[in-house]
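Here are my notes on the model you passed along. Have it open while you read, and go through the points in order.

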Amino acid sequence: MTPICLRDLTVEECARVQTLAHARTAPAQMVQRAQIIWRARHGESASAIASRLGLDVETVRRRIHRFNAEGVEALKDRHRSGRPPTYPPEQAATVIATALIKPETLGLPFAAWTLDRLAAYLHEVKGIAMQRSRIDEILLQEGLRWHKHETWFGERVDPAFAEKRGRSKRSTPHRLRAVG
């Protein structure tokens, strides 16, 4: 087995690899690849890296070789051939267009889409039977992200919430105040 050495990294590459190697929100494969490069940069051998990360030595060697050739781009997934998309582009466009419309303008009784609501609407009204996960993939590929919905202390999604809710019930017990 011939030894493989990591080439010298540029300042930008070093910063990017370090950031990714310690990331908690980046894709797991990218983090793992960055950790391989980060450890190799700090002098660990391919076998030590493989042992520490639970990988095959050849996998580590291939990652280092690919990084030497491609730089930071080597940390990303390559496009893989596979089954072509099941849904035609027209349906994907309908999914995106519908997600960008406020449900209220369509006469729906809610102010924001959820994956379940969007999937149900697309199926019932547009005739597109698509799984939630596929809808999410299409929207993410388009750069659209779901907003975290309100919590109990946040602003209500439904502007008429207070009017619909009405007054609190008299049967709601009052809190006793601590005597200090």
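Is E58 buried, partly exposed or exposed? With a relative accessible area of 35%, E58 is partly exposed; buried means under 20% relative accessible area, exposed over 50%, and partly exposed in between (1.4 Å probe, protein chains only).

1. Ground rules. This is a predicted model, where local features need pLDDT of at least 70 and side-chain atom pairs count only at pLDDT 80 or more, while totals for chains, interfaces and linings use all residues. Residues are numbered from 1 along each chain as its sequence is written, and side-chain values use heavy atoms, with hydrogens and water left out.

2. E58 and its partner. The side chain of E58 meets that of R61 in a salt bridge (3.2 Å, N to O). The term stands for a side-chain nitrogen of Lys or Arg within 4 Å of a carboxyl oxygen of Asp or Glu. R61 and E58 are three residues apart in helix α4, so about one helical turn separates them. Helices here are DSSP runs (H or I, at least four residues), numbered from the N terminus. R61, at 13% relative accessibility, counts as buried. Elsewhere, salt bridges that share partners join R39, E44 and R52 into one network.

3. The other salt bridges. The count comes to ten by this rule. One of them joins the side chains of R33 and D77 (2.7 Å, N to O). R33 lies in helix α2 (residues 28-41) and D77 in the loop between α4 and α5, so this pair ties together parts that are 44 residues apart in sequence. R33 counts as buried at 6% relative accessibility, whereas D77 counts as partly exposed at 49%. E13 and R7 also meet through their side chains in a salt bridge (2.7 Å, N to O).

4. Around V72. This residue sits in the loop between α4 (57-70) and α5. Leaving aside neighbours within four places in sequence, V72 is in contact (heavy atoms within 4.5 Å) with E13, R16 and F67.

5. Helix α7. In this helix (residues 132-141), R134, I135, I138 and L139 are buried. Seen down the axis of α7, its buried residues fall within an arc of 135°, so they line one face of the helix; the arc is that of the directions from the helix axis to the C-beta atoms. Those buried residues pack against α5 (89-100) and α6 (115-126). Just after α7, G143 takes a positive phi of about 90°.

6. Aromatics. How many aromatic pairs does a search of the whole structure find? It finds two, counting rings of Phe, Tyr and Trp (its six-membered ring) whose centres lie within 6.5 Å, with planes under 30 degrees apart called stacked, over 60 edge-to-face and the rest tilted. F110 and W113 form an edge-to-face pair, 5.7 Å centre to centre with 70° between the planes. Both F110 and W113 are buried, and ring pairs link F110, W113 and Y121 into a cluster. The charged end of R117 sits over the ring of F110, 4.3 Å from its centre; the rule asks for NZ of Lys or CZ of Arg within 6 Å of the ring centre and within 35 degrees of the ring normal.

7. Cysteines. The structure holds zero disulfides (a pair of cysteine sulfur atoms within 2.5 Å). C5 counts as exposed at 60% relative accessibility, while C14 counts as buried at 15%.

Conventions. Helices (H or I, at least four residues) and strands (E, at least two) are DSSP runs, numbered from the N terminus.
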